[in-house]
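Trainee: I want to learn how to read salt bridges in a structure. Can you walk me through it?

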Amino acid sequence: MMLFTHLIAAVALAGPLAGGPPATEVPNAIVAARPRAAQDSAEALYRAGRDAVSRGDYKRAVELFDRIDERFSGSDQVGNALYWRAYALYRVGGTKELRKARESLRTLRETGRDEFRTQSASLDTRICGELARRGDAQCARTVETQAESVSVAAAVGEVVRAATAVAADAARAASAATANALRDPEVQRALAEANAAARDATKAGVDEAMRAANDAIHDATAGLRDASREAARSSRSSRTRSSDCADDEDDVKVIALNALMQMDAERALPLLKKVMASREKCSEVLRKKAIFLIARKNTPEAADMLFDAAKNDPDADVRKEAVFWLSRVSSDKAFEFLRDAALKPGDVEMRKQAVFSLSQMGTPAARDALRQIAGASNVDAEVRADAIFWLGQRGTAEDVDFLRALYAKAADHDLKDKIMFAVSRHKGSSGWLLDIANDPKESTELRKQALFYAGQGGASAEQLAALYDKTTDRDMKKQLVFVYQQRGSGPTFEKLLDIARNEKDTDVRKDAIFWLSRSKDPRVAKLIEDLINKP
């Protein structure tokens with residue numbers, strides 16, 4: 001065990017190599033190993049699954065790809081299906097689905113088929129990155145390690161290319177010196193100094209890129225509502241439109257109608273009614289664009305047109321567009337329609353759109369409706385999850401109390417996770433989250449997640465540091481180490497140093513050393529030097 005600890009310390013002392021995540025483009029197709037007849041059922045299922053992916057119907061795609069493995073396990077399409085099943089699960093996006101996606105990719109790797117190696121590795125990195133963002137300590141470490149094995153320039157662009165080259169050379173020199181240090185203790189201190197310089201060179205480049213990335217993330221967060229609106233209005237139009245439907249003519253008509261709305265809205269509305277009544281081929285695209293113009297005219301007549309489209313238009317995208325814009329109609333009729341649309345069985349995407357529109361209304365009645373939807377056990381889990389999310393984003397103290405009470409009644413793991421996340425967005429939630437983390441009746445995964453949310457939220461460093469000595473569960477200890485390293489300094493950093501020196505569990509101690517090695521604090525270099533020199 002002592003040799004093992006020494007090796008860990010030496011690797012940590014070598015410092016991070018220049019690195020970044022691999023390219024994230026999804027391949028357009030994965031070609032089967034050999035041709036097959038058109039009537040092959042596995043091929044038909046595969047094509048149907050790919051069509052579902054193209055439409056954005058990812059749950060349906062998962063079902064179809066699962067059938068290939070179940071019914072045609074000897075087919076060459078099994079490998080294709082495993083990859084696209086993982087991709088579809090990734091796009092569904094739930095924590096449970098992300099873990100299933102990684103299992104699918106693991107099975108794919110075990111087949112040993114080289115044509116999948118690059119694509120599956122890239123997708124697995126993205127999935128693990130998302131799990132790490134949600135508090136998965138193992139994935140966080142995996143991503144960190146993978147990031148060190150590839151060029152930083154690939155991740156952050158030309159702006160850090162030169163810095164990366166310098167850092168990579170310095171890091172390689174440090175790694176070579178580490179090997180010598182294991183044989184000659186007298187050079188270890190010099191190695192620590194050289195490695196610190198290497199880390200500084202790497203960080204100089206990465207910090208510049210990270211500042212730009214953080215700015216982009218800030219802008220993206222600020223534009224969440226606009227992005228949601230844009231997604232609701234336009235993301236699916238290209239999937240439902242026929243290839244022979246020209247867009248130019250529709251654009252001209254929309255521009256003309258918009259101009260008329262500006263000049264004489266009374267004349268424009270009858271023309272828009274005519275557009276909405278059309279059922280000609282390709283007319284659904286123009287109808288969808290007309291919805292936006294109708295919504296801009298905040299009159300009872302325009303509201304009635306939106307209601308009619310939301311209820312009766314034969315095209316699902318047009319109906320969803322109308323539901324989206326009903327959030328701007330200030331009337332009891334609009335509220336009741338959206339509430340009923342969210343609660344009644346039917347198209348899940350339409351119901352989720354209704355939930356979003358309710359969240360934009362901001363009225364007490366709309367918030368009551370969101371609580372009703374979130375608490376309704378007979379409502380689809382995805383719809384309930386959206387209601388919970390928006391209660392957390394725009395919630396009041398009353399909403400937070402409701403969510404805490406809902407957690408106590410919930411049995412579904414994913415639903416509990418979403419409730420914890422929603423509550424964690426509010427100040428004063430850390431005590432409640434730490435109670436969950438300390439509750440042995442909860443599953444280990446939920447306890448770890450609660451600990452992560454508490455660490456991200458308002459839990460004090462002293463509270464978090466004090467938890468370690470009260471914890472006997474290895475998984476919880478490892479999660480605490482992960483949470484501590486995110487704080488960076490103070491009592492949690494002191495605790496990390498203590499764990500690295502004194503923890504009896506080798507796996508936990510190894511994690512502490514790994515995360516400490518990312519710090520420039522001189523105490524870390526001294527700690528690692530002591531570990532290496534320890535008899």
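Mentor: We will go through salt bridges, pair by pair. This is a predicted model, where local features need pLDDT of at least 70, side-chain atom pairs count only at pLDDT 80 or more, and totals for chains, interfaces and linings use all residues. Residues are numbered from 1 along each chain as its sequence is written, and side-chain values use heavy atoms, with hydrogens and water left out.

Trainee: How many salt bridges does the structure hold?

Mentor: A salt bridge is a side-chain nitrogen of Lys or Arg within 4 Å of a carboxyl oxygen of Asp or Glu. The structure holds 32.

Trainee: Where do the partners Asp136 and Arg99 lie?

Mentor: Their side chains meet at 3.4 Å, N to O. The pair links distant parts of the chain, 37 residues apart. Asp136 is in the loop between helix 6 (117-133) and helix 7 (137-147), and Arg99 is in helix 5 (residues 95-110). Helices are DSSP runs of H or I, at least four residues, numbered from the N terminus.

Trainee: Is Asp136 buried or exposed?

Mentor: Buried means under 20% relative accessible area, exposed over 50%, partly exposed in between (1.4 Å probe, protein chains only). Asp136 is buried at 17%. Arg99 is partly exposed at 26%.

Trainee: What separates Glu445 and Lys448 in helix 25?

Mentor: About one helical turn, because they are three residues apart in that helix. Their salt bridge spans 3.5 Å, N to O. Glu445 is partly exposed at 31%, whereas Lys448 is buried at 18%.

Trainee: Which residues are linked in a network?

Mentor: Arg367, Asp368, Arg371, Glu398 and Asp399, through salt bridges.

How values were computed:
Helix = DSSP H or I, 4+ residues; strand = E, 2+ residues; numbered from the N terminus.
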